[in-house]
Structures are given as C-alpha cells and as structure tokens.
Amino acid sequence: MFSLKVLLLLVPTLPLAATLLTAAFGPGLLRNRSHVPVVLAIALAFLASLGLLVQVHQECSSCASFEHIVTLWTWAVVPSQDQDVEHLARGTNVPGGAKLDVGDSPPLTDKEPASRGPLRKDFRIEIALRADPLSAVMLVTVTFVALLVAVYSVGYMHGDPGYWRFFTYIGLFVFSMTMLVSASNFLLLYVFWEAVGLCSYLLIGFWYHKPEAAAAGKKAFLVNRVGDFGFALAVFLIWTTYGSLDFHDGLAGPGVLGEQRCSSGAFAGGTVGTAICLFLLLGACGKSAQLPLHVWLPDAMEGPTPVSALIHAATMVTAGVYMVVRCAPLFAVSVDAQQTVAVVGGLTALMGAIIAASQFDLKRILAYSTISQLGYMFLGLGAGAAAGNTAGMFHLVTHAFFKGLLFLGAGSVMHAMGGVIDIRRLGGLRRVMPVTCWTFLIGCLALAGVFPLAGFWSKDAILAAVHERAGEPGPASPYATLYWLGLVTAGLTAFYSLRAFFFVFFGPEQIPSEAGGHAHESPRSMTVPLVILAVASLIAGAWLELSGSLASFLASTPSLHALGHSKHAAASGGHLDVAAWSTAAAILGIALAWLMYVRSPNVRRGVVRAMEALGLYRLSAEKFFVDEMYQMLIVWPLEGVARLAAWLDRRVIDGLVDLIGWEPRGLGALLRPLQAGLLPLYALVMLLGMLLLLGTLLVS
Amino acid sequence: MDSFGPMLVATIFLPAVGAVLAAASREHARQSALVTSLFVFAMSVVLVEGFPGGTERFAVFDLPWFEAPGGSLAIRFNVGLDGLSLWLFALSALLTVVAVLVSWEAIVERPGTFYALLLLLETGMLGVFAAGDVILFFIFFEFTLVPLFFLIGYWGSEERRYAAIKFFLFTMAGSVLTFLALIALVLWDHGQGGGRVTFSIAELTDRLAQRPMDRSVQLAVFLGLFAGFAIKVPLVPLHTWLPLAHVQAPTAGSVLLAGVLLKVGTYGFLRFSLPMTPDAVALCMPWLLWLCVAGIVYGALVALAQHDIKRLIAYSSVSHLGFCMLGVFALNRLGIEGGVLQMVNHGLTTGGLFAVVGMIYERFHTRQIDDLGGLARHFPRLATFMIILSLASIGLPGLNGFVGEFLLLLGMFHRAWAEAPAAYAASYRVISVLALSGVVLGAWYMLQLIQRVFFGPYRTPAVHAHDAPKQPLRDLSFRESFALGLLTVFIFWIGLQPRFFLDRMSPTLGKILAPAAQAYAKSHQPGSDLHRLAWRPGLAIACEELALETDCRGPNVLFETDAATDAAGAMLPASYSSSKPVPVAETRGSVHVR
C-alpha cells in the first residue's frame, strides 16, 4: 500500500506531529484529552512499523541481505582544508564557495576521493534513515510496547495536573526512539541517543517538586553523560579511523558498516579497533545500565510507572544492546572487546539478581531485574557474532513484553493501593485484583524462564550461545565461568520474581490505609494492555523460536549477514542439556521462594539469618555499596577539587592580578614622601647625591 | 563598493543616532532604544540575506580618512563583512534587542543615559566586526570599553566601581600591547614592500600571505596580539576580570559582555593572528591548546563550586570560550568551523542565560542558589526557557551547542589521531580527551543548578516576605518571553539545520585557516627546524630565536626589540625613526588618532 520510504518516514513523524500538537494545545484546548493525538499517532506508527516489517521480510526472502536507505537532507558539510592549502601553495586564490550549494549536489572536493586517502574527505552528514531487519524488529517492538503503555497511561495518569506534559514527553520519546533505531549514521544515532536520554530525564523528573525525583533525573542524565563521553570518543575514533560516520555505503565511499566493508572485512583491529569497541561499550553501559554505570536506573523509578515500563524496562535501556548488535562487525574483529562485553554482561546479570533478591520496593526489584536481564543480553552479545547477537536481540524482544507487563502490573497495584509500593505492606491481593494478579504471574514465570513462556526460549538461546563458546578449544576464555554464572542467575531470577509475587498476591490480605478502603481492580484501559502483554509473554517466545524466523530474519541485516550468520545456525534446537539445566535452576528458585514466602516462615527466617551470617544479605540489601563508592571516590573528590579551584581563583590568581594592579599605586605611595615639598630634604638629598658622585669618582 | 556598502555604514551608525534620541527623549528612552535596536537587527538580517557567500568581502564601504601628503600613508574608513564577521555582526544586533528588552523595567535610574550608552556600545560592537582597517578596528575595539565601563560602574551591583575599574584596566593593559603589535605588522609590511603604508586588513593579509614575516618577528607580533585578545577571550589565567565584571554588571551589560564582547577576542585571533602570523601560531599551537583545555576544565570546576548563579554562568563562559579557542587552534577545517559556530552559540545561550538570571533577580532580589528552589512550579515559562538554554549550553543534540562542540571536538580528535606528528600525538590525545570530559562537567554544573533552583520544594528568600511586593510575582511577561523566544528560535535553527550557517562562513574560514594550516604542515615535516624546536618549551624558544636573529640581522634590529619588549610602548615611534626616517610623522599621527 505504502512504499518502504513512506512507511519509514511515517513511523517517526507521526509521534513528532502528535508531540508538537500536544505541546501547543495541551495546556489550553486538549487538557484531559491530551492523550488522543499521541495514542492515535503511536497506534498508526505501530501499524506503519508492522507494514514496514512485512515489506522488509518479503524483500529478505528474495535476497541474502537487505537494507533501504532514505536520505532526507544534508545536515552539515565541512570541506576538507587541503584544497585551501594546496591552492595557497600554488599561489592562487581559493575557488568555489562563491555560490552556496544548497541542493543535494555532490561536494566539489569529491572529484578524486581515492587519491586523497580516507581522512582527506569532506565531513558530510546527512539525515539518513534506514530500513533493514534489525531496525524493523526494533521499530515494531518499540511501537507495540509504546502503544500499550500509552493506552495504559490514559487510566494511570488520569487527573494528574501534568497530563498533557506527560503525553508530550511520551510522544517525544517515541519519536526519538524510533529515530534512534532507524538512524543510518553514527552522528544521528548519537543525537537520538542523547534525545532519548533527555526524555528519560524529563520523565524521571516528571514530578519535579519531589526532591528525590529531581535528584534522580539529574543522576540519570549525568551517569548517561559519562556513558555518552565514551560513545562520543568512539564516534570520534571511528571518524579518524574510517573517515566516515555513515553505516551504509554512499557516493563518497564505503560506510563504516556498509556492505562493501563488511564483505571485504576491512575493519580496524589492534589497539584502535579494541578501543573503539570498548568506548562503544562504555556508552552502551550508560544507556543500558550495565556495571559500573547501572546506578541511575533504580533511582529512575521515581518517575511515573508507565514511564518505568516503557523507557526504563522495555525500550530505551535496550538501546545499548541495539547499538552493540548494530556494531557487531566492529566487535567481531576484537576478541578482547567481545570477552569484555560478555564479562560485563555476566557480572551485571548476577549482581542485579542478587540485589533484587533482598529489596522490598516492588519497582526497585523490577529495576534490578531489568539491569540483570540487560546483563543477560550483553552476555549473549559477548558470546560471539553468530548465535549470540540473535539470541541477545531475541531476549530483548521477549524481555520488552514480560518486563513491560511486570511494570504495568506493579503500576496497577500502586494505582489501587494509593501509591504504596513496599511489598511488606501488601499481601493477598489476588482476590482484590485478579486480572493484575494472573497477568503478573505470567510475567514472573516468563521472567523466571519457565517452559514454554517467552523468557525460557530467549534465555535458553543466550545460555546455549555461551555454552557453545565455552566448549571451543583454545586459550582459556571466561565463557565457561560465565555459563555457570548465567545458570546461577537464572535460579536467582526465578527466586526473586516469585518472591515479589508471593509477597504481594499471596498470604493474608493486607491493604494499606492509603488505598482509602476502596481497593479495586484497575480500569479497563489499564487491564487490557496487561492482558495483551501477558498473551505476548506467553506465546511470543515459542512462536519466534520454533518458527525460526527471527534469527534468520535478523541475519539478513547487511552487517550481521557478513559475519557469517548461516540462516539455520541460530535456529538449532539442539541444546537440550542447557535447557534442562536452566529449567532445573528456575524450578529450584521457584520452589525456594514458595517454601520461604508461602509455606514456612521458619525457613525464611533461617535462610535470611544464614545470609546475614555470610554477609551476603547486607551486601545485597545495600546494593553492593556502589553508590557510596561513587560518592566517596568521584563526587566528593571532584567537589573538593572544584572548591579548591574556586579558592585558588579568588585568592591566588585574582590576588596576583590585584597585586600587579596595586603595584603602581604602591610604588607611588612609597616614593610620595620624597616629593613632600620640604626644601631642606631636597637639599639634603642633593648633597648626599653629590657626595656619592664624588666618592665614585675618587675611587675610580 | 557595492550597493550594500552604504547600508552597512547606516547599520553601524544608526545606534549612535538612536543613542542621541534616547538621551534626548528621557521618558521614552526605552521605546526609542527598542525601535532603534529592532531596526538595526532588521537591517542586519537584510545584510545576512544579501551575503552572496564565498571569500570576497561584501557590503564594502571605503573612504579615504587620513591621507598623508604625497599619499605615503593611507588610513581609510573601510567597512565590510565576510563569512567570519557576518554572523558575529548579526549576533550583536540580535543581542542588543535582547539587552534592551531585559532592561525595560530593571533600569529606573537615568534611563536616558543608560539606553544611550547601550546603543553606543552597539555601534562599537558592530564596528569592530565590520572594520576593514587596522586603525578603524582598534578604535572600535577600544571604544566598546567606554560605554561598558559606565554601564558597569553606574548601574551595576554592590562592587560595581571595583569591577568597572578592574575590567577597564585589565583589558586596556592588554590592548596597548595589541596596538603595538598591529602597528608593528603594518610597519613590517611597509618595510618589506615599500610604497605607501597601508592599514587595510585585507591588503595586509594578502601581502603577508605572499611574503610572510620572519619567524622571530611573527613570534613577537603574535605575543603582542595575544596579550590583548587572550585577555578579551579570556584564556585562563587572564580571566579574573570576567566573573567580577559579569556579576557586577547590569543584566544588559552581562548579556552583551558575554554574548558579544568576549567574541572580539576570538575574532581578533581569527582576523589577525591566524592569517598574519601563521608560523608563530603553528609554533605555539601545542601550548595554546593546553591553555584552552586548561580553561575548559578549570572553568567548569570553578563553576561547579559557585553559589551565585551569575558567577556560575560567568565561569561556564570561561569553559565555553576554551572550547571555541580549542577548535580554532586545532588548525583544521572542522575545528575552526566548529569554533566559530560555537562563538555564535555561546553568544545565544549564555546571553540568554544571563537574561534569565536577570529575570530571576528582578523577582527575588537574589542570585544565590541556596535562596531559591522549586521555581518551575510557579514560573513554568521561566523554567522552560531556562531548561532549553541550559540544555543548549551543555550541548544537547538538536540544539545549537551540540553542533559547535561536536565539530570542534571532531577537529581536535582529527588533529590528535589522524594528523599528529609523533612527538605530539600523546599530548594532543590527552588534550582531546580532557576537552571531552569538560562536556561531562558542563552537564554536571548546569543540571545541578536547574535541580536546585527550579526543582524540588518551592523556596524563596526569607527577606522577600518583608519586602511585601506590590503585586504577586508573575511568570514571564510577553516582553520577557519575546526576548528569550527570539534567542530560542536561533538555538533550534542552528541545532537542526546548521548547514545554513556553516555554508556561509565556510569559504572565508578556509581562507583564514590556510596559511596557518600550511605553516603547521610545513613545520612538522620531518627535518624541519621547527619540528626540532617545537617540542621544547615554547616561550624559551621564542626568546632564544629572537635573540639569535636579532644578533645576525641588520636594519630590523631595533624594530624587533621594540615589538618584543613592547611593554615600553612609547619607544616605538622614536626608535623606529632612527632607522627609517620617513614614516615617523605618520606613525605619530596614528597614535594621536587613538
């Protein structure tokens, strides 16, 4: 019906238009109807993404790899300076520039790109979007979850004074996120990378009068800035190494991730290649809350719950995963970088799960769970180019469903319980809110990785990929250890998710006073998205895995295709042993949770006491003291240095300036008494001077 | 001389006429000032619109001014615009409108004089950027000091006298040296080429490109120019006049000081140092880069420790100007274009931020961060503008700051990774990474400011309750929103479509950069003596080289020593006369003009 180009443009522009509309008319005209344009636009964007996906899929079936680039306009051009220098050397004036080339005419200096080397090219950035399997999958996931969350928010945010503001930000976020995943050069990726960060900042601090929310927003932005520092470094290094920032091949030469380079394998290895990857990883760690930059995500739960579901669980935080998958060819040339990704992911997964096991704030449990699951994805990406990337993306998609579901469920509980989120104050809600209860259970089981729910398949794929790497002959690699860490994490995941479930929905009914005595199931606009997401969490994994379509579809992305993805490699179902181990871990975790929180409080007390004795409990409850370490090692020293610099500036540097300024006056003051008008003094000085003169004459 | 020439002259001097009107009309001073400034802005927009691009100067207006008998000396009244000055010219016109609007109710004492001075200042600023003659440039350069001195000294806050005097003396001290260096340039050119003594910047640029000065002379001249321009910019450690002057100045003064007058320093580097003393720039470049990056990090750190909003923003200026100069001294196309664009960006955002601080001060009579909190709730429009301006200042993509910072940092990285000679690669790389870390620090202090002042529980100074305002505090009026909105339009425009701005400046910047880039490339060829020398401490070499060449060269000996020890300024014409009798009278004449 629509061409690929139109669809690709529609996806981001619809939310953008809705945002502008809401921003303009929200406070006055729309007020409580502010959701209408945004929800409508996201729904249409979702349909457009689906259409896009179908078209890309059709194209892929006919050829090995597929991408479609839409170039909108040129953002900036900076000519290479060499032409000026050359002309100066020849003693002529600089030509060109007399007319502004406004259109899309090629730059003057591209006549002889080959002879000038990769770094002598013009800097030219175009607003270019791309459609390929990877983007298409991301677009559908993002708009699907966004649509459900937007619908949910209609009920959840109802009556909030910032209603229009909320939907404006949501629209802006969907625009930025869809642009992020369809950008076709590093600069544009960076631009929207920061733009989603801005939306996150604005939405975390949505209730800005709460000091915690304001502080959390700032923290999120700053920690992300540290990550972006790495990302920017990587982008600069990519420019100096490859002389281009485009993903795709263009008129000016091969792109960084284009088919030409991928097929010839002309990627920089060595120190530079590894450095680029590690800086990219630093950026990804910031956005995707990986060790050591994960500290902002738990605090980000100060924002409204739908935001936590959409931005801080399902979509934005997965941008790091997307970026690493997108740059997979760069990582493929550096074993060190790949192993670092895996180690970071594995450790983060374990740490997140350990912390989540002892928290009492339902949203924070889910936040640490998100950190842990993102760690899983990175573990998958680190496991290698072939199966790992697909597995990571697979987990990204299923995680978006079940973690979105869990957050929305938590929001539903909060909504009914007057904002109480401490699981110790809740209990036995399964009768009060049945829909929330059972959908939440599905989410928990999917997260725990129980057969045949979504999480089982994707987690299994990741563990299988790691297992495969662990079995490879060669020098000692971390993969074997990481595999076992992954299994332990799987058990812990099952434990903490069911622990939260039992706390809230089982046991004696316990409803906090804030609920106001009329605790009830949430309105239809909130439960319908829950049910839809629950269905998705139930079946998506099995469907995508058994049909084998996701893996082979993703492998048609040009950059992934060139890595040697064979279309059937990822779809192998032959890792039964891994499945058995992970299922055993999950069942163990669930059983332990049931024993501790439903069956017998004595077991619970015993386990907690044992953990306390080991010191593990404190470590987990205090989140490994990472925040405190940052405070002591970075924030305070820097603030101290800042204060010292301020003091230095006032007292020393400016003091010196004042000293110099004072000098003429001071000198004058010193000499002034000599010119006091006393004739005898003058006579005396004259006499002394003459004597001195005579004396020197006599001596010589 | 094209048809835009007279219009350019009219644009420059219209504010002066407006100043007379404003002074005369007393009651309606602000209205006449607003009308004048709007008119000037409109004319500058027409000039921008008419600019054809390319490297040629545009809207040139040229008249003989001081002609020595016999035509041996020509100081001309020559104004014109090119790709470098165009945007700074328009920026000055724009920020004057903003300055008038933010003073609207803040200035109650002697408004006639205030607005007259403001408009005179505008004439000075427009003139600096348009001047095509060394003497004319210097006259405008110095002339900007006078109105600003009175603006700070009379309408400033508590320590205004001290601030005004410090500001005046500090910048004056630098510009004396700059003037000597400029005269030295002119006389060198005359000494080599013969004929008449020309003061035309364009002519000097061309002739010095064809026939560069001796390197030792270049160094001396460069250092002289550096003294004045570096103080104006300001580069650390010559910056201490800036926080003081910014904090004490009335809002309009801060807006123009930060927005435009700091750019006169960077403009000077670009107009004179880069094209006229390229070898010296190439030689000093590593140290200049260190100076810039020191400013970036140091300014950001000091800003982090401030409790006064205005001081915080003043120090952020030090940091941002460090970025601009870093881009310029990276000596490549990306860097210089990013640097110049960042000059414009800084004018827009920091000018806007000072305006916002002024609006806060008008309402609460405090600038202390600790006195304020949660303003976003009751002043949503103020908060919105503040957030947009802050985000622009910390380089959020989509807004203007990002474009400049990205380009100039990319230029610096290019210099460090792709073009660095081995001896320098490590130091350049450290510089680039440190500069990038300044971006993180920048986000820290600005977001901390927003969090404390605009978010959290509502808090206003306790004193205020006793002051009993006559009417309740209001969010931004239409006038205030208009002033900030005007800036916001450009903030988004540059951020979203920088090409419109970059394309118009690009050819000129290429021309300005070429000699320095070439000199740098030449000096770092293996075997070049500069390459050998350059990694030893710069000033030591400068002196050594100077001494060396002074010994073995004839007629220019006196001249060089003058330029080097130009602190003893008055000696120049006299000593020059001993070796070259002809131009004495003229030189004296030019001094007299000053």
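Visitor: How many residues of chain B are in contact with chain A, and how many of chain A take part?

Guide: In this predicted model, 57 residues of chain B meet 54 residues of chain A.

Visitor: Which elements of chain B give two or more residues to that side?

Guide: They are helices H12 (278–304), H14 (333–364), H15 (375–378), H17 (400–418), H18 (422–454) and H21 (499–523) of chain B. H21(B) gives the most, with 14 residues.

Visitor: And by class, what does the side of chain B that touches chain A have?

Guide: Count 34 nonpolar, 16 polar and seven charged residues there.

Visitor: On to cores. What's the general idea?

Guide: In soluble globular proteins, nonpolar side chains tend to be buried together. Here, the largest nonpolar core has 472 residues. Leu280(A), Val98(B) and Leu326(B) are the ones with the most contacts inside that core.

Visitor: What does Leu280(A) touch, leaving out residues up to four places away in sequence?

Guide: Leu280(A) touches Phe231(A) and Ala234(A), and also Met323(A), Val324(A) and Cys327(A).

Visitor: Now Pro478(A): where is that residue found?

Guide: Look in the loop of chain A between helix H18 (454–470) and helix H19 (479–505).

Visitor: Why does Pro478(A) count as partly exposed?

Guide: Buried takes 20 or more C-beta neighbours within 10 Å, and exposed takes 12 or fewer. Pro478(A) has 17 inside 10 Å, so the label is partly exposed.

Visitor: Which residues is Pro478(A) in contact with, beyond its neighbours within four places in sequence?

Guide: Those are Gln339(A), Ala342(A) and Val343(A). As for Ala494(A), 16 residues apart from Pro478(A) along the chain, the two C-alpha atoms are separated by 24 Å.

Terms used. Residues numbered from 1 in each chain as written. Chains lettered and ligands numbered in written order. Predicted model: local features only at pLDDT ≥ 70, side-chain atom pairs only at ≥ 80, totals over all residues. Contact = placed C-beta atoms within 7 Å. Helix = DSSP H or I, 4+ residues; strand = E, 2+ residues; numbered from the N terminus. Nonpolar A, V, L, I, M, F, W, Y, C, P; charged D, E, K, R; others polar. Core = buried A, V, L, I, M, F, W, Y, C linked by C-beta atoms within 7 Å.
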